[in-house]
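The following paragraphs lead the reader through one protein model, element by element. Please keep the sequence and the structure in view while reading.

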Amino acid sequence: MTPAARTRTAIELLDTIIAAARDGGASADVLIARELAARRYAGSKDRRAIRALVYDAIRLCGEVPASGRAALLALAARDPDLAAMFDGSSYGPAPIALGEPPATPGVAPAWLIDALAASGVDGDQAAALLDRAPLDLRANPLKATRDQLAAIFPESAPIPGLDLALRLPGDTPVEKSDAYQHGWFEVQDAGSQAVTLAAAAARGMRVVDLCAGGGGKTLALAAAMAGQGAILASDSDRARLSRLAPRAQRAGVEIVETRLLNPNREAEALADWADSADVVLIDAPCSGTGTWRRNPEARWRLTPARLARLVETQARLLDVGAALVRPGGALVHIVCSLLDAEGADQVTAFLARNPAFRAEPLALPLGTPHGPGMRLTPLRDATDGFFVARLVRA
């Protein structure tokens with residue numbers, strides 16, 4: 001493909017991504033893979049160049065662009081070489097018209113910028129939410145040590161404070177390695193590894209991972225428990241939960257039971273665990289403002305109404321989880337968000353309506369105290385953004 005043809009293809013992909021963001025369709029990664037697979041004439045170098053153009057444009061535009069062309073025009077305004085690709089050639093985009101408006105650069109939609117600022121995230125902290133993320137691994141101590149992994153990936157570096165973590169360049173194809181196939185490690189952001197430590201999971205415990213999804217934190221909990229005890233991994237998303245069993249088998253984890261839940265009827269399905277869990281971990285559905293480094297188009301999908309629904313769901317799940325915690329046990333609330341509505345304020349509201357619980361101070365290797373818990377940010381901690389709190393039942 002010519003550079004101009006790549007530019008035109010990037011515009012077409014952006015049009016599809018913008019429409020999906022507005023209508024709640026598939027994610028950018030899924031759409032890019034699908035669309036490029038359909039263009040058999042695009043070679044591997046073409047695909048990499050097109051993908052880079054698309055993501056550069058997404059990161060640049062805070063508000064949802066009017067079109068893919070407007071998004072790429074914003075990028076072209078900063079790159080004369082890209083602007084030259086608008087040449088009107090047979091496979092390239094039409095020339096840039098005099099006064100043709102580009103999309104507006106920015107970190108996020110205006111309402112979301114205000115919400116982040118009210119939560120203490122602005123300036124460089126906000127801008128860092130769109131940095132490119134590295135690739136972090138968590139060694140699986142049931143099968144390997146971090147030193148063994150470091151020997152396989154000599155370009156990796158340890159992450160201070162996390163005994164199982166290694167960091168690699170973001171485009172390292174680790175899942176093609178024999179070590180991955182043999183379950184020696186999982187791909188997991190360092191921040192996700194750090195907040196899971198708030199559970200303080202140990203051998204022989206009974207643990208509930210209430211919103212287990214694909215099981216990244218479930219497997220980290222099982223490793224911390226040295227494969228001894230019991231973990232109930234539940235979720236209402238059948239497709240995501242179905243990915244846990246093969247991951248657990250690869251990791252050599254045998255203490256996990258999965259359970260599919262019906263939304264709004266979780267308490268019924270979990271009645272046999274009432275008042276008996278040592279730890280209930282809730283990696284709650286959230287806005288994902290802390291994951292924009294990996295999913296920058298997510299900020300185009302979030303609306304005030306959707307945020308309000310998420311906050312309501314989080315509050316309900318906290319109450320469901322609280323009923324499972326034994327006296328002396330702990331409830332751990334985690335969101336990959338930096339909005340106080342989902343983090344500090346959410347936990348403060350829970351404590352007000354559940355006087356049997358108190359927030360326990362945390363001392364994690366990453367993050368800083370924030371309200372009744374701790375916050376991790378891309379700028380300060382070089383991780384995805386998280387809020388975590390550990391709530392202990394009297």
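In which helix is Ala115 found? Ala115 belongs to helix α6, which covers residues 110-118. The model is a predicted one, in which local features need pLDDT of at least 70 and side-chain atom pairs count only at pLDDT 80 or more, whereas totals for chains, interfaces and linings use all residues. Residues are numbered from 1 along each chain as its sequence is written, and side-chain values use heavy atoms, with hydrogens and water left out. Helices (H or I, at least four residues) and strands (E, at least two) are DSSP runs, numbered from the N terminus. Ala115 is partly exposed, with a relative accessible area of 22%; here buried means under 20% relative accessible area, exposed means over 50%, and partly exposed lies in between (1.4 Å probe, protein chains only). Between Ala115 and Thr2 there are 113 residues in sequence and 42 Å in space, taken from C-alpha to C-alpha.

The next topic is the packing of helices. The axes of helix α1 (residues 3-23) and helix α3 (residues 44-60) come within 9 Å and cross at roughly 50°. Such axes are lines fitted to C-alpha atoms, for helices over the stretch in contact, and the angles run from 0 to 180 degrees between N-to-C directions. Helices α1 and α3 are therefore oblique to each other, since angles under 35 degrees count as roughly parallel, over 145 as roughly antiparallel, 65 to 115 as roughly perpendicular and the rest as oblique. On the side of α1, the residues that make the contact include Thr7, Ala10, Leu14 and Ile17; on the side of α3, they include Ala49, Leu53, Ala57 and Ile58. Contact here means heavy atoms within 4.5 Å. An α-helix has 3.6 residues a turn, so residues three or four places apart point the same way. The crossing of α1 and α3 is right-handed; a crossing is given this name if the near helix is turned clockwise from the far one by less than a right angle, and is left-handed if anticlockwise.

Helices α1 and α3 also take part in covering another helix. Helix α4 (residues 68-76) is mostly covered, and nine of its nine residues are buried. Among these buried residues are Gly68, Arg69, Leu72 and Leu75. The elements that cover them include α1, α3 and α5 (80-83).

Gly216, Thr218 and Leu219 of α11 make the contact with Leu244, Arg247 and Ala248 of α13. Here, too, the crossing is right-handed.

Attention now turns to the strands. Strands of a sheet pair through backbone hydrogen bonds, either parallel or antiparallel. In this model, four strands form an open sheet in the order β2-β3-β1-β4, with antiparallel pairing; two strands pair if DSSP finds at least two bridges between them. The edges are β2 (157-159) and β4 (185-187), each of which pairs on one side only. On average, neighbouring strands of this sheet are turned by 35° against each other, direction ignored.

Strand β1 (residues 135-139) is joined to strand β3 (residues 162-168) over four bridges in the antiparallel sense. Within this pair, Arg138 has Ala165 as its bridge partner, and Leu137 has Leu166. Leu166 also stands opposite Pro158. Strands β2 and β3 run antiparallel and are joined by three bridges. Their hairpin has two residues between the strands, and Gly161 there takes a positive phi near 90°.

Ala200, in the loop between α10 (190-196) and β5 (206-209), has a positive phi of about 50° although it is not a glycine. Asp275, in the loop between α14 (266-269) and β8, likewise has a positive phi, near 55°. Ala200 is partly exposed at 40% relative accessible area, and Asp275 is partly exposed at 43%.

Leaving aside neighbours within four places in sequence, its contacts are Leu302, Leu307, Leu310, Ser337, Leu339 and Glu342. With Glu342, the side chain of Ser287 makes a side-chain polar contact at 2.6 Å; a polar contact is a pair of N or O atoms within 3.5 Å, and within protein one must be able to donate a hydrogen and the other to accept it, while residues adjacent in sequence count only if both atoms are side-chain atoms.
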